[in-house]
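Keep the 3D view open as you read.

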Amino acid sequence: MSSVRSLILAALMSSGIALPAAAQSCGGDLGVFLEGVKAEAVAKGIPADVADRALSGARIDQKVLSRDRAQGVFKQTFLEFSQRTVSKARLDIGSQKIKQYADIFQRAEQEFGVAPGVIAAFWAMETDFGVVQGDFNTRDALVTLAHDCRRPELFRPQLLALIEMVHHGDLDPATNTGAWAGEIGQVQMLPEDIIAYGVDGDGDGHVNVKQSSPDAILTAAKFIQSLGFRRGEPWIQEVTLPADLPWEKTGLGNEVPASDWFAMGVQPRDGNTGFASLPAALVLPQGRNGPAFLTYPNFNIYLEWNQSFIYTTSAAYFATRLMGAPTYQKGNPEAGLDDAAMKALQTKLQSLGHDVGKVDGILGSGTRRAVQKEQARLGIPADGWPTQQLLQAL
C-alpha cells in the first residue's frame, strides 16, 4: 500500500506557508498537548464531550515515527513498477468492480465527470480494492505526527478533522485503522479531504470510506474533480514515435498542442486524434526507446495525488487499461543507472550548476531536466533518460 497523500504533505512542508501559532504547537507533555487540541476543536464548534471521546486513550505510536523517519525511496523504473502494479489479476478485479458497482460509477461520471477507470485504478493501487487499508490506529497516527515537531502544521489540522469525523458519527477513534500517515479508507484519503469531499453513496446517512465501496467511489470522484479533472477529456495516451523527433522538446512541462506532435509523426496507438487541440506533453519514462505517452491536462490530477512520476504514469496507464486500452509496447530501452551511478550522476550535475534537489539516487523531475540539458549540450539525443554513456561523457 502506498501512502500517496503523505508525498503531498511532504511537498507542502517546504512551501513556506505562514500558519497560525496554534497550528504550530507541538512536543512537550502529551496530556497538555491533547488539551490544546481539545480546546482548538471546541473553538471550532465541536462539543467538548465529543473531543474528549475522540482523544481518550490517545498515545504516541513509535512505529509511526519510525516509518516517518525512514520513508522508502522510489527507485524502480516505469517498466518494473507498472508491470508489477498493473497486473492481470488487478485488471480482472477492476473490470469486475466496475461492473458490480456500475450504477455508482455511472453516478460518479454523471455528477463529477470522472471516468470509471480513473477511480478504479486508484482504488486498486492504493488498497487492492479495499483489501489492504493499513493497520495503524488513525487517531494515534495523527496524534503522533501532530505532536512530533517535524511537521505539526500539516498534521494538526488532520487531527482536528478526525475529531470532526467522530462528531459526524463517521469514525470510531478507538478502532479505526489506516495508513501510518493518517490516510483512511479504500482510496486512502486524509480526514480533511474526506470532510470536504465525502459523499454518502449508499444512503445510510454517513460517509464511511473504509467499509462502504459506494462511499469510497463517489468520495474519490468528487475529490478528483476538485483537483481539476476535466470531463470527457483524456489523461494519457500511448503513442508511437518517429526516429527523428526533437527530443529536447519532450518531457513534462513542455506542452504544445497535440496537433504539433501529430504533425511531427507522433501517432496515437488507438488512432484517436480527436483531442488535437489540447495541450500535450510527450513523456518518455525510460527514454526514446521505451514506452511513450502523450499527457493531457487531466494528467495533472495524478501529479496532485502523488508526486512520483513513475507512480502517476503507472496509475494513468492503469486507468486507460481499465477503459479498454491495450498493453503498452515495452520497446527496448537502454539500461539505466544503478543507485551508486545515479548518485554519481546527480553529484556531477550539481557541480555543473544544475538543481537536482537531494542527491538520493532517484530520477526525479529536476534530475530529468538536468539530464536532458546535458544530453543536448553533448549532442546526445535529449530524451531525459540517464545512461552510462551520459555519465561517462560528463
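**A glutamate among leucines**

Glutamate 374 is in contact with Leu349, Leu352, His354, Leu390 and Leu394, leaving aside its neighbours within four places in sequence. This is a predicted model. Helix 18 (residues 365–378) is the element that holds glutamate 374. Is glutamate 374 buried or exposed? Its relative accessibility is 5%. Buried means under 20%, so glutamate 374 counts as buried. One of its contacts is polar: the side chains of glutamate 374 and histidine 354 are joined at 2.7 Å.

Now turn to another glutamate. Glutamate 126 is found in helix 9. Its relative accessible area is 1%, so glutamate 126 is buried. Which side chain makes a polar contact with the side chain of glutamate 126? The partner is tyrosine 311, at 2.5 Å.

**The sheet and its helix**

Strand 4 runs antiparallel to strand 6 (residues 279–283), and 2 bridges join them. Follow the residues across. Valine 256 stands opposite alanine 280 in strand 6. Proline 257 faces a proline too: proline 279 in strand 6 stands opposite.

How many of its 5 residues are buried? The count is 4, and strand 6 is mostly covered. Strand 6 also pairs with strand 7, in the antiparallel sense, over 3 bridges. Valine 283 has a bridge partner in strand 7, namely phenylalanine 293.

**Aromatic rings**

Last, look at the rings. The structure holds 14 aromatic pairs. One of them is formed by phenylalanine 105 and tryptophan 123. Why does this pair count as tilted? The ring centres are 6.4 Å apart and the planes meet at 45 degrees. Planes under 30 degrees apart count as stacked and those over 60 as edge-to-face, so 45 degrees makes the pair tilted.

This pair links distant parts of the chain. Phenylalanine 105 belongs to helix 8 (residues 102–112), tryptophan 123 to helix 9 (residues 116–127), and they are 18 residues apart. Phenylalanine 105 is buried, with a relative accessible area of 1%. Tryptophan 123 is buried as well, and its value is 1%.

Tyrosine 317 and tyrosine 328 give another tilted pair, with 4.7 Å from centre to centre and 40 degrees between the planes. They too link distant parts of the chain, 11 residues apart. Tyrosine 317 sits in helix 16 (residues 309–322). Tyrosine 328 sits in the loop between helix 16 and helix 17 (339–351). Tyrosine 317 has a relative accessible area of 4% and is buried. Tyrosine 328, at 6%, is buried.

Rings also gather in a group. Phe122, Tyr197, Phe223, Phe299, Tyr302 and Trp305 form one aromatic cluster. Finally, which residue lies over the face of phenylalanine 136? Lysine 63 does, at 5.5 Å from the ring centre.

Technical notes
Residues are numbered from 1 along each chain as its sequence is written. This is a predicted model: local features need pLDDT of at least 70, side-chain atom pairs count only at pLDDT 80 or more; totals for chains, interfaces and linings use all residues. Side-chain values use heavy atoms; hydrogens and water are left out. Rings of Phe, Tyr and Trp (its six-membered ring) pair if their centres lie within 6.5 Å; planes under 30 degrees apart count as stacked, over 60 as edge-to-face and the rest as tilted. Buried means under 20% relative accessible area, exposed over 50%, partly exposed in between (1.4 Å probe, protein chains only). A charge sits over a ring if NZ of Lys or CZ of Arg is within 6 Å of the ring centre and within 35 degrees of the ring normal. A polar contact is a pair of N or O atoms within 3.5 Å; within protein, one must be able to donate a hydrogen and the other to accept it, and residues adjacent in sequence count only if both atoms are side-chain atoms. Contact means heavy atoms within 4.5 Å. Two strands pair if DSSP finds at least two bridges between them.
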